[in-house]
Structures are given as structure tokens and as C-alpha cells.
Amino acid sequence: MDRIEHVRKYLSGFQAENRIIEFNVSSATVELAAKALGCEPAHIAKTLAFMVKDQPVFIVAAGHVRIDNHQFKHLFGTKPTMMTSMELEALTGYQFGGVCPFDLPDSVHVYLDTSLRDFDTVYPAAGNANSAVRLTPQELFTFAHALDWIQVCKTREP
């Protein structure tokens, strides 16, 4: 079973499996996903994967923001270190561009950045680089078993 089917099965537990959108084009970056969906990049819920003192931490944030290194270090006690593609795939089965913030191993701690609260609808990846799923930020929080809402991002400079 490929990763999108795992996500579909996972979402069926919330009666949300029919909200997965599959594309004939890549949605591997925020810009590509926004173009495929016909929305602003800010509505893309990107999942950023970090290792924090040997603990996998995923932060889901709006597509138009970036990690604020100072805020990250203040909150987690260390500078942000992105997971490598090999680490990410070994841990989750997901590849960059299709990282889903749910259907994850219990060892992964998921947080949602407050930047997502600005929107009624957000679109995280649904398991591969050609998919997304339409959710409210609160549904995303629930489905991802997020630990908390945090503020660790800043708006990108124009």
C-alpha cells in the first residue's frame, strides 16, 4: 500500500478520506501546491521535520512563513536541525514534498504554528508529492494529534 492509501485509511477514521485531492502535476513545494490548488501559498500547510535532541519534531506552518531560528531555539532549547531525506523516509515512509502531518509514528511530536489560525481552510500534503487534503486548522490539529499551538515562525520578507 502506498503512502497516500495509508493516509486515506487513516482519514477514514475521521470520515475525511474523501477530502484528499490528487493532482496530475507536482505539489512538492508550497508554490507548486498553491498553483495546483488555485490558492494562495499561505493556505498550504507545510510540514517541517526537525530533530530536537534525538526527538523528531514536526512543525506544521502556513506556506508563507519561515522558521524563526531565535524563537525555535527559545522554545526547544536548541537551534533547528532539519531531518535529512533519508532520516525522514526511514522514520515515516514519506518523502520530501509529500510529508503528511498525520499517520505518523508515536515517537513524532507534532506542533502547529499559529500562522495557520489565520485561515478557514488549509491544505497539508496527503502522503505524496501529487496530493493535498482540505482541512480546517482545528481538524488538522485533531487529526495530527498535535501537542500544542506554538509561535515559531515569521512572515517571509517580500
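Trainee: Where in the chain is S115 found?

Mentor: Look in the loop between β5 (109–113) and β6 (123–124). Those labels are for helices (DSSP runs of H or I, at least four residues) and strands (DSSP runs of E, at least two), numbered from the N terminus. Before we go on: this is a predicted model, where local features need pLDDT of at least 70 and side-chain atom pairs count only at pLDDT 80 or more, while totals for chains, interfaces and linings use all residues. Residues are numbered from 1 along each chain as its sequence is written, and side-chain values use heavy atoms, with hydrogens and water left out.

Trainee: Why does S115 count as buried?

Mentor: Buried means under 20% relative accessible area, exposed means over 50%, and partly exposed is in between (1.4 Å probe, protein chains only). S115 has 9% relative accessibility, so it counts as buried.

Trainee: What makes the pairing of S115 and D113 a polar contact?

Mentor: We need a pair of N or O atoms within 3.5 Å; within protein, one must be able to donate a hydrogen and the other to accept it, and residues adjacent in sequence count only if both atoms are side-chain atoms. The side chains of S115 and D113 make such a contact at 2.7 Å.

Trainee: Which residues is S115 in contact with, leaving aside neighbours within four places in sequence?

Mentor: Contact means heavy atoms within 4.5 Å. On that basis S115 has A61, A62 and V65.

Trainee: Let's move to A45. Why is A45 called buried?

Mentor: Its relative accessible area is 2%, so A45 goes in the buried class. You'll find A45 in strand β2 (residues 44–52).

Trainee: Where does A144 lie?

Mentor: In the loop between α5 and β8 (148–150). A144 has a relative accessible area of 6%, so A144 is buried. P101 is 43 residues from A144 along the chain, yet their C-alpha atoms are separated by 5.7 Å. P101 is also one of the contacts of A144, along with F102 and V110.

Trainee: Zooming out, how many helices and strands does the chain have?

Mentor: There are 5 helices and 9 strands, in the order α-β-α-β-β-β-α-α-β-β-β-α-β-β along the sequence.

Trainee: Why is the chain called as compact as a globular protein of that length?

Mentor: The radius of gyration is taken over C-alpha atoms, and the globule rule is 2.2 Å times the number of residues to the power 0.38. For 158 residues the rule gives 15 Å and the chain has 14 Å, which is close, so the chain is as compact as a globular protein of that length.

Trainee: What share of the residues of the chain count as buried?

Mentor: 46% of the 158 residues. As for contacts with a separation of 6 or more, 63% come from residues 24 or more positions apart.
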